[in-house]
Amino acid sequence: MKILTRYILREHIGPFIFAFLTITFLLVIDLVPKIVDNVIDKDLELSVVLELIALNLAWMLALSVPMSVLVATLMAFGRLGGDFEITAIKASGINLLRVIFPLMIAAGVIMVGMIQFNDRILPDLNKRARLLWGDISAMRPTLVFRSGAFITDLPGFLVLIDKIDHTTSRVEGVHITETKDREKPRIITAKYGFLEMTEHNTNMRFTLYNGEIHSLDLKDPANYRRVDFQNYVINVSDARDELVRSESEHRNDREMGIADMQAKVDAAAESMNPFREQINSSIAARVDLILSDTLIYNGPETDDSTQAYQHVRDQAALLSRLVERSETHIQGQAKTVSKYDLEIYKKYALPAASVAFILIGAPLGIMARKGGMGVAIAISIVLFILYWAFLIGGEDLADRRLMSPFWAMWAANFLMSAIGLYLIFIVVTERPLLLFSNIKK
């Protein structure tokens, strides 16, 4: 039996490595166009490009490993079934569950390893990738200026240049909209000018000639001014053309470990308790007052019933506002709890998909038989799209609080596992699928 176990596991290693490299490569290729744009526009060094790809490989691994398990299972069992090795195993009196069991153990090991990866390594790499993307976006060299294209990455300015000579930094047909004060924008036009970097390439200076300045007032359109100039200088700060590394202590939900997110959940849940108690005590006090045998008026002394009635209405309105404010706070904290719970369950659910894919991939591979790699990949794509649709749909429902975070993340695993167990039962007992059995009848 040990020989059979090693043989089954060995049959999966090659397809798993092949699928893992292929899927990861496809994910990297999808990222390449975005990186290429920055390489061309901002002249990034090769080491920065490789670092950016390496950091983004982290979230790619979280997706490619479970899907590689599915592809490897379909390919391996498809070959075993097509070469009648499954038939030989069954003829030897060995139950197919005994064949699948070692794979379940291996999938369990992968699941535990990926949970640790998602909890301890992925958050830090996600944070470093976000900071690096931000630092690259902050680079604004003169090469980003193109003739006839709007430049939007200068803070507070929208720039359009008809013609630019990168050799001499001469610009012609300059149109600049200054939006630092959105209510009073300025439009600056010039026939030509020069562009240069100052302050150790951290600031940018436009020296413009023969132009106009149009000052607008959106609140008071009549307050319009036009000024002609022979030369005019515009200084733009924070326009560095070098990559400057930044540091930040802030982390979003995808950059936190399980313990950190659980602390956020506990803090949010704890902050809701005083508001719940406030709502309950306020409502209870009013109910006791209404149900009491004698109504006691505790307002200001007055003989005017209208004034007394208004006082009661004011007290009721005050109570209503208090309850609404408390409910608003509770709803906000409940969204926080749901958001972090969702990410916590996702860190477990995605690795657990490896086990679910073994359950459904093994019988499907046997049924597909000699479909080859093409059939295995096609079935894998369909199953993973179905799995991902459940995951995304569940996340959306959880965000709208129409489904609990647990079921939003685990429903796809339970569904795949249930279908897989049914298909394993069909393969082991050699019964026809219920659907085909009904059609035959």
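In what order do the six strands of the open sheet lie? The legends below refer to a predicted model.

View 1. The order is β1-β2-β3-β4-β5-β6, with antiparallel pairing. The edges are taken by β1 (150-151) and β6 (225-236). Each of these two has a single partner strand, so one of its sides has no neighbour in the sheet.

**View 2. Pairing of β3 with β4.** Strand β3 covers residues 170-178 and strand β4 covers residues 186-198. Eight bridges join the two strands in the antiparallel sense. Arg170 has Phe194 of β4 as its bridge partner.

View 3. Helix α1 spans residues 2-42 and contains Thr24. Is Thr24 buried or exposed? Thr24 counts as buried because its relative accessibility is 10%, below the 20% cut-off. A polar atom of the Thr24 side chain lies 2.7 Å from the backbone oxygen of Phe20. Apart from neighbours within four places in sequence, the residues in contact with Thr24 are Leu57, Met60 and Ser64.

View 4. Glu395 belongs to helix α7, residues 372-399. With a relative accessibility of 16%, Glu395 also falls in the buried class. Which residues does Glu395 contact, leaving aside its neighbours within four places in sequence? They are Arg254, Leu342, Glu343, Lys346, Ala408 and Met409. Met409 is 14 residues from Glu395 along the chain, and the C-alpha atoms of the two are 7.1 Å apart.

**View 5. The largest nonpolar core.** This core has 29 residues, and Phe357, Ile360, Tyr387 and Met409 have the most contacts inside it. Two or more residues come from each of α1, α2 (46-82), α6 (305-368), α7 and α8 (405-429). Helix α6 gives the largest share, nine residues. In soluble globular proteins, nonpolar side chains tend to be buried together.

**View 6. Contacts of Tyr387.** Tyr387 is one of the residues with the most contacts inside the largest nonpolar core. With neighbours within four places in sequence left aside, Tyr387 is in contact with Ala349, Leu350, Ala353 and Phe357, and also with Ala412, Asn413 and Met416.

Conventions. Residues numbered from 1 in each chain as written. Predicted model: local features only at pLDDT ≥ 70, side-chain atom pairs only at ≥ 80, totals over all residues. Heavy atoms only, no water. Helix = DSSP H or I, 4+ residues; strand = E, 2+ residues; numbered from the N terminus. Buried < 20%, exposed > 50% of the residue type's maximum accessible area, 1.4 Å probe, protein only. Polar contact = N/O pair within 3.5 Å; in protein donor to acceptor, adjacent residues only side chain to side chain. Contact = heavy atoms within 4.5 Å. Core = buried A, V, L, I, M, F, W, Y, C linked by side-chain atoms within 4.5 Å. Pairing = 2+ DSSP bridges.
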